[in-house]
Number of protein chains: 2
Amino acid sequence: MDYVRDGAEIYRRSFATIRAEADLSGLPDDVARVVVRMIHACGMTDLPKDVRFSADVVTAARSAIKAGAPILCDAKMVASGVTRARLSANNDVLCMLDAPETPGLAKALGTTRSAAAVELWRERIEGAVVAVGNAPTTLFHLFEKLDAGWPKPAAIVGLPVGFIGAAESKDELVRDSRGVPYLTLLGRRGGSAMAVAALNALADPSE
Amino acid sequence: MDYVRDGAEIYRRSFATIRAEADLSGLPDDVARVVVRMIHACGMTDLPKDVRFSADVVTAARSAIKAGAPILCDAKMVASGVTRARLSANNDVLCMLDAPETPGLAKALGTTRSAAAVELWRERIEGAVVAVGNAPTTLFHLFEKLDAGWPKPAAIVGLPVGFIGAAESKDELVRDSRGVPYLTLLGRRGGSAMAVAALNALADPSE
């Protein structure tokens with residue numbers, strides 16, 4: 001069968017196709033590199049129009065990761081997808097969804113497990129990189145904790161997906177990120193693969 | 001903040017929104033339920049027009065999973081995303097990408113690690129459910145092995161994503177699935193989250 005078998009060549013041609021087709025002109029270079037990788041993960045070159053970000057998000061997230069900050073994820077798929085070889089500081093990549101306390105917390109707080117798991121980030125949130133690739137309630141709950149005085153993470157990759165709360169939670173992130181540098185994609189699209197792609201690009205710019 | 005905190009209600013409203021917006025009329029009921037969950041994972045209600053399938057794919061995959069067939073995945077994210085509580089037979093969910101033999105095999109065969117990992121499925125492929133959520137080369141390599149006489153899996157969930165080979169590998173799956181029931185999405189879209197959604201729906205129809 002006739003197909004490209006060379007992994008490096010597949011990457012090279014993929015990124016060349018993305019750069020040829022996607023309109024990256026509105027993005028600073030460092031953000032564009034992250035968005036290219038997000039496009040690579042989903043196959044859709046129209047993402048740039050929906051991307052929103054703080055100008056300092058790449059610098060803030062990369063510095064934090066290089067300095068060993070933990071990466072706090074809302075979903076196991078996000079945590080499992082991060083390429084450990086790109087984390088030069090051997091960072092902790094944590095998802096608390098399956099922690100033994102989470103179901104009880106969710107019940108006590110009257111919220112989802114994804115939101116309740118945020119409570120267990122308390123000791124690690126300061127200076128961390130937060131990655132949300134699934135649940136809008138994770139993002140909403142984080143806003144509530146920041147509003148209640150929690151220390152700030154270094155950056156938020158806010159890419160929840162879906163039909164109930166996803167667009168709204170990302171609109172709120174853009175409206176008021178609570179002083180935290182952020183990267184997001186407006187609307188219903190997002191997801192764990194896109195969040196992983198963003199994290200991998202933030203950790204290390206190499207393609 | 002005003003948002004829905006009840007997980008069951010979020011699911012209910014999400015699936016209701018999908019069924020209200022997506023045109024599922026061309027799909028048999030059992031396939032439609034799988035596609036609804038794929039839409040849920042990506043936030044895009046226009047998937048149905050690109051979905052292709054064998055009429056018996058849901059029956060074949062579900063029977064295999066109920067009977068304890070292994071689930072063979074191309075990516076760790078796919079394997080990590082499968083909801084174990086939906087696998088009543090406590091099925092093995094395997095990804096061989098990080099097996100110690102894989103890099104050497106890739107070099108020897110002149111192909112990607114994702115394709116080389118297929119070689120390590122040999123003893124488990126018969127009657128298995130294959131899920132490809134990342135690499136077109138996994139799907140191409142599997143075709144080559146089936147053409148060379150390997151025993152057949154029970155079903156193929158073929159959802160590689162991206163720009164080089166993804167659309168082509170899925171076109172080939174539709175053109176000639178080697179007698180294996182399949183479910184796929186034409187074009188560049190796909191990915192690990194969508195593959196996981198399909199697997200979870202195939203394993204168990206409950207929403």
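B:Glu144 forms a salt bridge with A:Arg5, and their closest N and O atoms are 2.7 Å apart. A salt bridge here is a side-chain nitrogen of Lys or Arg within 4 Å of a carboxyl oxygen of Asp or Glu. This is a predicted model, in which local features need pLDDT of at least 70 and side-chain atom pairs count only at pLDDT 80 or more, while totals for chains, interfaces and linings use all residues. Residues are numbered from 1 along each chain as its sequence is written, chains are lettered from A and ligands numbered from 1 in the order in which they are written, and side-chain values use heavy atoms, with hydrogens and water left out.

**Interface of chain A and chain B**

- The rule finds 4 salt bridges across this interface.
- Between the two chains, 9 residue pairs are in polar contact, both residues being at pLDDT 80 or more. A polar contact is a pair of N or O atoms within 3.5 Å; within protein, one must be able to donate a hydrogen and the other to accept it, and residues adjacent in sequence count only if both atoms are side-chain atoms.
- Helices α1 (7-21), α2 (29-42), α4 (76-81), α7 (136-147) and α9 (192-203) of chain A each give at least two residues to the side of chain A that touches chain B. The largest share of that side, 7 residues, comes from α1(A). Helices (H or I, at least four residues) and strands (E, at least two) are DSSP runs, numbered from the N terminus.
- By class, the side of chain A that touches chain B has 17 nonpolar, 15 polar and 10 charged residues. Ala, Val, Leu, Ile, Met, Phe, Trp, Tyr, Cys and Pro count as nonpolar, Asp, Glu, Lys and Arg as charged, and the others, Gly among them, as polar.
- In contact terms (heavy atoms within 4.5 Å), 42 residues of chain A meet 42 residues of chain B.
- Chain A and chain B bury about 3,300 Å² between them, with 68% of it on carbon and sulfur atoms. Buried area is the accessible area (1.4 Å probe) that two parts lose on being put together, summed over both.
- A:Met77, A:Phe163 and A:Ile164 supply 21% of the area that chain A buries against chain B, more than any other three residues.

**Sheet of chain A**

- In chain A, 6 strands form an open sheet of mixed pairing, in the order β1-β6-β5-β4-β2-β3. Two strands pair if DSSP finds at least two bridges between them.
- The edge strands of chain A are β1 (51-53) and β3 (93-95), each pairing on one side only.
- β1(A) and β6 (residues 182-185) of chain A run antiparallel and are joined by 3 bridges. A:Arg52 has A:Thr184 as its bridge partner in β6(A).
- Helix α8 (residues 166-175) of chain A lies across β1, β5 (155-158) and β6 of chain A, at about 145 degrees to β6(A). Axes are lines fitted to C-alpha atoms, for helices over the stretch in contact, and angles run from 0 to 180 degrees between N-to-C directions.

**Salt bridges within and over the chains**

- A:Glu172 forms a salt bridge with A:Arg175, the closest N and O atoms being 2.9 Å apart. Because they are 3 residues apart in helix α8 of chain A, A:Glu172 and A:Arg175 are separated by about one helical turn.
- Over all chains, the count comes to 32 salt bridges.

**Sheet of chain B**

- Chain B has an open sheet of 6 strands with mixed pairing, in the order β1-β6-β5-β4-β2-β3.
- In chain B, 3 bridges join β1(B) to β6 (residues 182-185), and these strands run antiparallel. B:Arg52 stands opposite B:Thr184 in β6(B).
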